[in-house]
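Please keep the sequence and the model in view while reading.

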Amino acid sequence: MELRLADPTGLCFGVRRAIESLEAALEEHGTVYALGSPIHNPQEVARLVAMGLIVIDDPDDVPEGAVAFVRAHGVGPGVIEKLKDKAGVIVDGTCPFVQRAQERARDLEAEGYRVFLVGDKDHPEVQGITAHLGGKATVIGSADEIGDIDDGGLKAGVLSQTTQKAEVFSGVVADLALKVSELKVFNTICNATAERQNAVRRLARQVDGIIVIGGKNSANTRKLVEITRSQGAPTLWIEKSEELDWRWLEGKLQIGVAAGASTPDWLIKKLITTLAIPQVAKGEGN
Ligand code: SF4
């Protein structure tokens, strides 16, 4: 049996960077208060909690002088100010690509554009970006939500949530361009998500079955599973190697492995070791 690993797969640059800075803070300070779960993976959160991580939902819950951590999704300036009031140290794990989207949104507002943000209004990254504009951005999920724009002379600026699909963003841009007199576009999409999805799409066509490892609470892992199943590949979704179903492997000569963008390396390595297959070949066509 041959094992093929999707490429790329696993942690994206921003989450890896944030978790490394969190680990360094835990090693230095012992206890760190993270605003929101730092990663959508129960096993990784449990490992970090064992190191001293405490997850909180409200910046007011940071004790005086403690170490606070901001996850890769970022937050608004009001939250940073609250943290500054309480925390002795702030470790900012905001992904640089998210920071760039925050800056672009502020630039558009400063230049007098009405800001449209293409994304999910309930997502923390989107809430953080709109908070940089005092909540004034218009958040839309697709071109269908643009609606009528009364002021045909409007100057509009548009940007996107980093994980937005390119086709949804371009659809909004095309429709907005016909409704306003001036449109400024910032493409703030990060390709990490699309690259991982394309990798499993290719891999699913090359193997007899594919194991997707990642948190059951991880939306990006769920999406990978949807893609592999839509390609007709028998798919096993597990959070850790202990959940392997050996009967599922029977009769399969080529097995693919893919991991969500929030699955840490150690869980992937443990799965590969458990499968005890000597050769790991990269998926073809990358
Ligand atoms: S998906 Fe992209 S923008 Fe989001 S955290 Fe990862 S690298 Fe940063």
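**Helix packing and cysteines**

In this predicted model, helix H1 (residues 13-29) packs with helix H2 (residues 42-51) at an angle of about 25°, their axes being 10 Å apart. Angles under 35 degrees count as roughly parallel, and H1 and H2 are therefore roughly parallel to each other. On the H1 side, the residues that meet H2 are Ile19, Leu22, Glu23, Leu26 and Glu27, while H2 contributes Glu44, Arg47, Leu48 and Met51. Sorted by class, this contact of H1 with H2 comprises five nonpolar and four charged residues, with no polar ones.

A further pair is formed by helix H7 (residues 192-204) and helix H8 (residues 219-230), whose axes come within 9 Å and cross at roughly 30°. By the cut-off of 35 degrees, H7 and H8 are therefore roughly parallel to each other. The crossing in which H7 passes H8 is right-handed. From H7, the contact draws on Arg196, Gln197, Val200, Arg201 and Ala204; from H8, it draws on Lys223, Leu224, Ile227 and Thr228. In terms of class, the contact of H7 with H8 has four nonpolar, two polar and three charged residues.

The cysteines complete this account. How many disulfides does the structure hold? The number of disulfides is zero.

Note on methods: Residues numbered from 1 in each chain as written. Predicted model: local features only at pLDDT ≥ 70, side-chain atom pairs only at ≥ 80, totals over all residues. Heavy atoms only, no water. Axes fitted to C-alpha atoms, helices over the stretch in contact; angles between N-to-C directions. Helix = DSSP H or I, 4+ residues; strand = E, 2+ residues; numbered from the N terminus. Parallel < 35°, antiparallel > 145°, perpendicular 65-115°, else oblique. Left-handed = near helix turned anticlockwise from the far one by under 90°. Contact = heavy atoms within 4.5 Å. Nonpolar A, V, L, I, M, F, W, Y, C, P; charged D, E, K, R; others polar. Disulfide = S-S within 2.5 Å.
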